[in-house]
Amino acid sequence: MRIIVIGAGLAGLTSAWELRKLGHSVTVLEARDRVGGRTWSQRLGNGQLTERGGEYVFPTEFAIRRLSAEVGVPILSHNVRYARRTVDGSHVSFAELEATTSRITETLRRMLGDGLTRVSVEEVHREALGPGYQRNPVYRRMVTSLASDPNLVSAASAFLYDPDAGQPFIDDGGRFVGGNQSLSIELARRLGAAVRLENPVTALDQSEAGVEATLADGSRLHGDAAVVAVPLPILRELRLGFDLPEAQRTALDHRIMGTAAKLGVPLSAVDDDIALQSPDLTWWSWRSLSADGEHRIPGLSCFAGSRTTLDALRTAEGPAGWVAQLRAMRPELVIDGEVLLTDWSADEWTRGSYSAASLGWTPADLDAFAVAAGRVAFAGEHTGLEQTLNGAVVSGLRAVGALSGLTDAQGGAV
């Protein structure tokens with residue numbers, strides 16, 4: 001079958017790779033002049049790699065680890081206390097982290113059992129942790145990572161339907177040795193000429209015979225089926241000439257797009273804290289382990305999530321405001337060259353960082369994209385509850401499964 005994949009981020013490339021292995025002809029249409037989407041690796045002036053987008057591959061995220069092993073892209077440890085960041089001069093123990101998380105989860109179960117609905121992440125933390133909850137390090141970590149207003153995000157989606165439930169929690173994450181974009185680059189290399197850059201798609205239609213993608217230059221491409229793997233705001237602007245199933249429309253309506261920025265800082269000196277969280281705003285900074293397994297890299301990575309925090313850091317004006325706050329929080333910092341700011345809310349082909357489940361979210365949304373909308377399947381972190389690199393890979397695999405059983409006019413099947 002001839003299958004069109006719209007988007008050469010990690011989700012789209014995963015789908016294209018799997019479909020190619022099944023014997024199908026794939027064409028990947030990407031709007032940007034590069035592959036990787038929200039995985040984007042770049043070197044700072046001192047030569048150190050920094051991630052402008054997705055950062056962490058967690059220990060129990062097996063889908064992306066299998067894929068990286070298959071195509072020979074190695075992973076090393078960040079060796080960073082991801083969930084136990086320093087706040088107000090100290091960080092919680094592993095036991096305290098587990099106990100606090102259990103307390104929040106049980107509080108949520110009780111609230112739902114009492115008949116409450118649309119319980120937000122903010123509400124359950126307030127109920128479980130009491131006065132001063134906003135300075136609790138467990139709260140600060142979660143709301144920073146959400147990149148959205150915690151008053152608008154479903155607590156049930158965050159605590160009761162975690163895809164990693166039942167897996168042992170390990171407070172560390174990995175990164176690809178050649179930069180996180182290297183997995184996308186390797187998949188694109190193997191797909192070769194099937195990947196077409198700078199080919200944005202504006203519309204998609206389908207019939208019983210196949211699908212038709214309309215590109216920004218007015219040209220059209222025909223295929224037997226399609227995978228749409230573009231960020232949520234771009235998907236909402238894509239002109240679809242067909243109706244989505246009600247379950248998919250509802251699931252998409254229940255997603256909100258978050259706002260985040262990254263700051264890569266080349267340095268020659270810094271304090272010894274490997275994971276430092278702002279106690280007042282939703283941003284943090286960390287320094288990863290070097291490939292030698294002994295030293296820390298000569299670069300600091302910073303992540304800020306939520307519109308409120310980006311405005312407070314004045315990211316729209318450039319990096320100066322953020323750097324000033326970073327220096328105040330880490331006075332021993334010595335910057336060695338120009339910093340690199342990436343504000344995903346200003347990115348033309350993303351217009352945000354990643355999505356979150358709104359208060360209207362229900363467990364029924366989990367299965368909405370396990371089936372195709374006719375000849376079209378959807379991939380991307382917004383089609384599931386893993387807003388991570390692994391979530392992109394999982395969604396790409398799910399999209400391939402959604403097309404299974406579909407036959408073309410010549411009788412071929414996915």
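How does the radius of gyration of the chain, with its 414 residues, sit beside that of a compact globule?

**Figure 1. The whole chain comes first.** This is a predicted model, in which local features need pLDDT of at least 70 and side-chain atom pairs count only at pLDDT 80 or more, while totals for chains, interfaces and linings use all residues. Residues are numbered from 1 along each chain as its sequence is written, and side-chain values use heavy atoms, with hydrogens and water left out. To the opening question: a compact globule with 414 residues would have a radius of gyration near 22 Å, and the chain agrees with this at 21 Å (taken over C-alpha atoms; the globule rule is 2.2 Å times the number of residues to the power 0.38). The C-alpha trace spans about 65 × 55 × 40 Å along its principal axes. You will find 12 helices and 21 strands here (DSSP runs, numbered from the N terminus: helices are H or I with at least four residues, strands E with at least two). Of the 414 residues, 58% count as buried (under 20% relative accessible area; exposed is over 50%, and partly exposed lies in between, with a 1.4 Å probe and protein chains only).

**Figure 2. Five strands form an open sheet.** Follow the order S7-S2-S1-S11-S21, where the pairing is parallel (two strands pair if DSSP finds at least two bridges between them). Strand S7 (195-196) and strand S21 (376-378) are the edge strands, each pairing on one side only. Between S7 and strand S2 (residues 25-29) there are two bridges, in the parallel sense. Look for Val 28, which stands opposite Val 195 in S7.

Figure 3. In H9 (residues 246-253), the buried residues are Gln 248, Ala 251 and Leu 252. Down the helix axis they fall within an arc of 95°, so they line one face of H9 (the arc is that of the directions from the helix axis to the C-beta atoms). Exposed Glu 246 and Asp 253 are carried on the face turned away from the buried side. The cover over the buried residues includes helix H8 (232-237), strand S13 (255-257) and S21.

**Figure 4. Ile 256 lies in strand S13.** This residue is partly exposed, with a relative accessible area of 24%. Leaving aside neighbours within four places in sequence, Ile 256 is in contact with residues including Ser 148, Leu 152, Leu 232 and Tyr 354 (contact means heavy atoms within 4.5 Å). His 382 is 126 residues away along the chain, yet its C-alpha atom and that of Ile 256 are separated by 8.8 Å.

**Figure 5. Thr 315 is found in a loop between two helices.** The helices are H10 (307-313) and H11 (320-329). Is Thr 315 buried or exposed? Its relative accessibility is 5%, so Thr 315 counts as buried. Among its contacts, apart from neighbours within four places in sequence, are Ala 261, Trp 322 and Asp 343.

**Figure 6. Asp 88 and Arg 135 are joined through their side chains.** Asp 88 has its place in the loop between strand S5 (75-77) and helix H3 (94-113). Not counting residues up to four places away in sequence, Asp 88 touches Arg 135 and Pro 279. With Arg 135, the side chain of Asp 88 makes a polar contact of 3.0 Å (a pair of N or O atoms within 3.5 Å; within protein, one must be able to donate a hydrogen and the other to accept it, and residues adjacent in sequence count only if both atoms are side-chain atoms). Gln 277 is 189 residues from Asp 88 along the chain, with 8.4 Å between their C-alpha atoms.
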